[in-house]
Amino acid sequence: VTHSIPACIGNMTVNSKQLASESPVSIFAVNKCYGKAQEGTFFDGSGFAALVREGYKVRSDVNITLEFRTTATHGVLLGVSSAKVDAIGLEMVNGKVLFHVNNGAGRITATYQPRGAKSLCDGKWHQLQANKSKHRLSLTVDGNLVQTDNPYVQSTSADTNDPIYVGGYPADVKQNCLTSKSSFHGCLRNLVLTKGQQAELFDFSRAFDLRGVFPHSCPGAEH
């Protein structure tokens, strides 16, 4: 077993003596237990999750689905970026959701602007789907579809071989399709990336780097 258990543990005793879990000698990636917890992964607004250490190849087609819950109007949702310009990015800026794609010829953005400035920042779950199909891109939030014309029709492939950063990214990592540096504060769940018929559900507890992220533990109300 190489991964920690996603659970709450309390009232542990060793040789009939209760351990003082409130004052540990050292602590790593352990958060408090919530009285009301929901399925999902909690991002405390300070870090990120890094997935696919060996590199994710976006190329011509990818479909991203996830659910998010936040009260913040800004925050990085997801980014995959090469060291050159090829990249994709999902983020919240001023309460809007932006999906950026650069296949090498220039950045194109699909923007979902809700009716109310804080509609997506109400602490409730919202569904998001971002689709890149060659030079086309679309964004669907809570069933509302946004499509954007791409003048660079000859450029169809985002040539990446880089990690997927979720909820933020390290300061020394370049992200060509993100405008925000703000880490996401809230909860994410059901992150799936689909290429063709192959869908991959990402388990945050298997991330190769987690900072300020608590898998499988989402507080029932914002803390």
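Me: Why does V14 count as partly exposed?
Reply: This is a predicted model, so the call rests on computed values. V14 has 45% relative accessibility. Buried needs under 20%, and exposed needs over 50%. The value for V14 falls in between, so V14 counts as partly exposed. V14 sits in strand β1, residues 13-14.

Me: What makes V14 part of a nonpolar patch on the surface?
Reply: A patch residue needs over 30% relative accessible area. V14 has 45%, so that condition is met. The patch consists of I5, I9, M12, V14 and L19. Together they have about 490 Å² of accessible area.

Me: How do you know that a disulfide joins C187 to C218?
Reply: The S to S distance is 2.1 Å. The cut-off is 2.5 Å, so C187 and C218 qualify. By this rule the count comes to 1 disulfide. The torsion about the S-S bond is about 105°, so the disulfide of C187 and C218 is right-handed.

Me: Why does the pair C187 and C218 tie together separate parts of the sequence?
Reply: C187 lies in strand β14, residues 185-195. C218 lies in strand β17, residues 218-219.

Me: Is C121 buried or exposed?
Reply: C121 has a relative accessible area of 8%. Buried means under 20%, so C121 is buried. C177 has 0% relative accessibility, so C177 counts as buried too.

Me: What makes R189 and E67 a salt bridge?
Reply: Their side chains meet at 3.1 Å, N to O. The limit is 4 Å, so the pair qualifies. R189 lies in strand β14 and E67 in strand β5, residues 61-70. These parts are 122 residues apart in sequence, so the pair ties them together. Both R189 and E67 are buried.

Me: How do you know that R211 forms a salt bridge with D209?
Reply: The closest N and O atoms of R211 and D209 are 3.0 Å apart. That is within 4 Å, so this pair qualifies. The structure holds 2 salt bridges. R211 has a relative accessible area of 43%, between 20% and 50%, so R211 is partly exposed.

Me: Why is the pair F42 and F214 called stacked?
Reply: A search of the whole structure finds 4 aromatic pairs. In one of them, F42 and F214 lie 6.4 Å centre to centre, with 25° between the planes. Pairing needs centres within 6.5 Å, and stacked needs planes under 30 degrees apart. Both conditions hold, so F42 and F214 form a stacked pair.

Me: Where in the chain do F42 and F214 lie?
Reply: F42 is in strand β4, residues 41-56, and F214 is in strand β16, residues 209-214. They are 172 residues apart, and the pair links distant parts of the chain. F42 is buried at 6% relative accessibility. F214 is buried at 15%.

Me: What makes F43 and F184 edge-to-face?
Reply: The centres are 5.9 Å apart, with 75° between the planes. Edge-to-face means over 60, so F43 and F184 qualify. F43 lies in strand β4, and F184 lies in the loop between β13 (162-166) and β14. The pair ties together parts that are 141 residues apart in sequence. At 1% relative accessibility, F43 counts as buried. F184 also has 1% and counts as buried. F43, F184 and F204 form one aromatic cluster.

Me: What is the phi of V52 and of K134?
Reply: Phi of V52 is near 60°, a positive value in a residue other than glycine. Phi of K134 is near 55°, also positive. Most residues other than glycine have a negative phi. V52 sits in strand β4. At 19% relative accessibility, under the 20% limit, V52 counts as buried. K134 sits in the loop between β10 (126-133) and β11 (136-141). K134 has 46%, so K134 counts as partly exposed.

Me: Which residues does the UniProt annotation "domain: Laminin G" cover?
Reply: The unreviewed UniProt entry gives residues 38-218. The end C-alpha atoms of that span lie 5 Å apart. The span is 0% helix and 55% strand.

How values were computed
Residues are numbered from 1 along each chain as its sequence is written. This is a predicted model: local features need pLDDT of at least 70, side-chain atom pairs count only at pLDDT 80 or more; totals for chains, interfaces and linings use all residues. Side-chain values use heavy atoms; hydrogens and water are left out. Helices (H or I, at least four residues) and strands (E, at least two) are DSSP runs, numbered from the N terminus. Buried means under 20% relative accessible area, exposed over 50%, partly exposed in between (1.4 Å probe, protein chains only). Patches are made of residues with over 30% relative accessible area and no salt bridge: like charges are joined within 9 Å, nonpolar side chains (Val, Leu, Ile, Met, Phe, Trp, Tyr) within 5 Å. Accessible areas come from the Shrake-Rupley method with a 1.4 Å probe; for residues, only the protein chains shown count as cover. UniProt positions are given in the numbering used here, feature names are shortened, and annotations may be inferred rather than shown by experiment. Rings of Phe, Tyr and Trp (its six-membered ring) pair if their centres lie within 6.5 Å; planes under 30 degrees apart count as stacked, over 60 as edge-to-face and the rest as tilted.
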